Amino acid sequence: MRQLAQFALALACCVSLACAREFNIHCNSNLVMYWGQNSHGTTNPGENQLPLDEYCDKEAGDLLVLSFLSEFNADGLHPPTLNLANSCLTTFDNSTLLHCPNIGRAIEKCQKKGKAVVLSLGGASGAYGFSDDVQAERYADQIWDMFLGGNSQNRPFDNAVLDGIDLDIEGGSSIGYVRFVQRLRERFTESPGRRFYVTAAPQCPYPDFYTGPILDNAYLDMVFVQFYNNYCGVDKANWFNFEQWHEWATTISANKDVRVYLGVPGSPSAASSGYTSFEKLEELVNATRSKFSTFGGMMVWDASQADSNIVDRDASFVDLAKRLLDSNRKCTDDSDKVVETVTDIGSSSSSGSSSAISTALTSSTEQTSDETVGDRSSTTAASTSASAVTNSSTSRSLTKIHERTTTFVDDDGTATVLTHVDVSEVTSVDQQPSLTSDREEGGMALEQLNR
């Protein structure tokens with residue numbers, strides 16, 4: 001009964017608070033946003049980017065990419081150079097390495113909301129690269145210790161543990177990067193209770209000039225293809241080449257389950273070319289997602305541009321992008337079995353309020369072992385079979401619910417409990433109320449517990 005009550009509370013919380021959804025790489029509705037370069041602020045003085053966690057508070061994006069670690073060569077003589085524009089300017093004593101405790105706290109806050117946060121290496125400007133595999137391997141160890149699950153005297157984001165590394169290689173050579181990724185993945189095994197990601201951001205011409213050999217030989221989880229500033233951008237209908245990237249993903253990539261993201265500018269000033277009207281973008285996203293199983297979502301450059309770009313009344317580019325992506329959300333498990341589909345959201349009636357919840361639940365509990373996730377402790381899990389009714393405007397296919405709770409304890413003793421709901425053993429449920437609110441499909445309930 002206790003588990004049943006917890007599940008009902010989590011359900012009510014999701015409906016009433018439109019709470020966060022945990023990042024799921026197996027969904028085709030993810031929104032990825034780059035943050036850190038203050039792109040909007042550079043063209044609009046006085047309108048600087050928001051702190052990282054404020055975008056997470058807005059539910060803006062499922063995965064945030066910190067940009068950039070712009071200089072490195074692993075020569076052992078100089079620390080890597082972080083460039084986060086106006087967001088961090090302080091350094092460690094007697095060092096040029098940035099020390100950004102405020103961003104570290106923001107990272108952890110975003111992760112508690114179910115967001116994934118990774119660090120991008122490279123960028124359009126910068127000085128980086130390796131001379132050989134030995135240098136690349138050494139640098140992978142340094143990155144692991146400074147930003148991921150290892151230990152270092154100087155960690156730019158203090159105890160925050162990032163969720164992975166992105167490669168935005170737009171200069172130099174491809175030497176060493178495959179070994180760099182291999183070494184990172186070897187180090188990932190040292191934190192068995194946590195999933196880390198390695199991603200890349202190639203430009204759309206195929207094969208990408210700088211990252212071609214990396215893409216073909218390194219095991220990547222996602223690629224954020226830049227369909228802008230090139231002849232194959234989303235604004236060039238006759239040259240748009242997502243199909244080539246789908247073919248690469250399914251026939252050449254070292255990871256045949258890699259997800260391909262449609263990368264676009266978040267506003268007209270975000271790129272030299274590639275911005276298109278949202279109506280045309282909506283048509284393109286719907287057509288591409290329905291045709292290509294590798295579609296993972298959209299990537300946007302960047303958070304400041306997209307959030308400041310008011311497209312429709314009070315709706316920003318980010319708002320419309322999330323609404324579009326969630327409108328035909330589909331998630332699979334590791335075996336490509338469909339475990340959740342959502343259609344026709346956003347046209348809800350008044351029945352979506354928490355007072356309209358009517359739930360019939362049968363629960364069975366299976367205690368699982370505790371697991372340590374970085375500095376965060378995942379405590380218990382329960383498997384719950386449920387049929388629930390609410391919000392008749394959503395049509396989806398789902399029957400069985402797996403509930404997982406994760407507890408984060410801050411230094412001040414405040415505990416945050418995240419409840420993640422997974423769906424499996426699908427059968428059709430047409431025009432039946434959903435388990436959560438329109439804004440939150442199969443997501444996380446957030447409770448604050450003061451201790």
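Predicted model: local features only at pLDDT ≥ 70, side-chain atom pairs only at ≥ 80, totals over all residues.
**View A. Asn-38 and its positive phi.** Though not a glycine, Asn-38 has a positive phi of about 55°. For context, most residues other than glycine have a negative phi. With a relative accessibility of 7%, Asn-38 counts as buried.

**View B. Asn-229, another non-glycine residue with positive phi.** Here phi is near 60° for Asn-229, a positive value in a residue other than glycine. Look for Asn-229 in the loop between strand 8 (222-226) and helix 8. Asn-229 is partly exposed, at a relative accessible area of 38%.

**View C. A cis peptide bond between Ser-67 and Phe-68.** Omega is about 5° for the bond joining Ser-67 and Phe-68, which is cis. As a reminder, most peptide bonds are trans. Ser-67 belongs to strand 2 (residues 63-72), and Phe-68 lies in strand 2. Ser-67 has 0% relative accessibility, so it counts as buried. Leaving out residues up to four places away in sequence, what does Ser-67 touch? The contacts are Tyr-34, Trp-35, Gly-36, Gln-37, Asn-83, Leu-84, Ser-120 and Trp-301.

**View D. A cis bond from Trp-301 to Asp-302.** Trp-301, one of the residues Ser-67 touches, is joined to Asp-302 by a cis peptide bond with omega near -20°. Asp-302 is in the loop between strand 10 and helix 10 (303-308).

**View E. Aromatic rings, starting with Phe-242 and Phe-292.** The structure holds 28 aromatic pairs. In the pair shown here, the ring centres of Phe-242 and Phe-292 are 5.5 Å apart with the planes at 35°, so the pair is tilted. This pair links distant parts of the chain, 50 residues apart: Phe-242 is in helix 8 (residues 242-251), while Phe-292 is in the loop between helix 9 (278-291) and strand 10 (295-301). Phe-242 and Phe-292 are both buried. Phe-278 and Phe-317 make an edge-to-face aromatic pair, 5.5 Å centre to centre with 85° between the planes. Phe-278 is in helix 9 and Phe-317 in helix 11, so this pair ties together parts 39 residues apart in sequence. Both Phe-278 and Phe-317 are buried too. Elsewhere, Phe-72, Tyr-128, Phe-130, Tyr-139, Tyr-177 and Phe-180 form one aromatic cluster.

**View F. Helix 9 packed on helix 11.** The axes of helix 9 and helix 11 are 11 Å apart, and the two helices pack at an angle of about 30°. That makes helix 9 roughly parallel to helix 11, and their crossing is right-handed. Which residues meet here? Phe-278, Leu-281, Glu-282, Val-285, Asn-286 and Arg-289 come from helix 9, and they meet Phe-317, Leu-320, Ala-321, Leu-324, Leu-325 and Ser-327 in helix 11. Sorted by class, this contact has eight nonpolar, two polar and two charged residues.

**View G. Helix 11 and Ala-315.** Helix 11 (residues 317-327) is mostly covered, with nine of its 11 residues buried. Among them are Val-318, Lys-322 and Asp-326. Ala-315 is in strand 12 (residues 315-316), and at 9% relative accessibility Ala-315 counts as buried. Setting aside its neighbours within four places in sequence, Ala-315 is in contact with Asn-309, Ile-310 and Leu-320.

Methods:
Residues numbered from 1 in each chain as written. Heavy atoms only, no water. Buried < 20%, exposed > 50% of the residue type's maximum accessible area, 1.4 Å probe, protein only. Helix = DSSP H or I, 4+ residues; strand = E, 2+ residues; numbered from the N terminus. Phe/Tyr/Trp six-rings, centres within 6.5 Å; stacked < 30°, edge-to-face > 60°. Axes fitted to C-alpha atoms, helices over the stretch in contact; angles between N-to-C directions. Parallel < 35°, antiparallel > 145°, perpendicular 65-115°, else oblique. Left-handed = near helix turned anticlockwise from the far one by under 90°. Contact = heavy atoms within 4.5 Å. Nonpolar A, V, L, I, M, F, W, Y, C, P; charged D, E, K, R; others polar.
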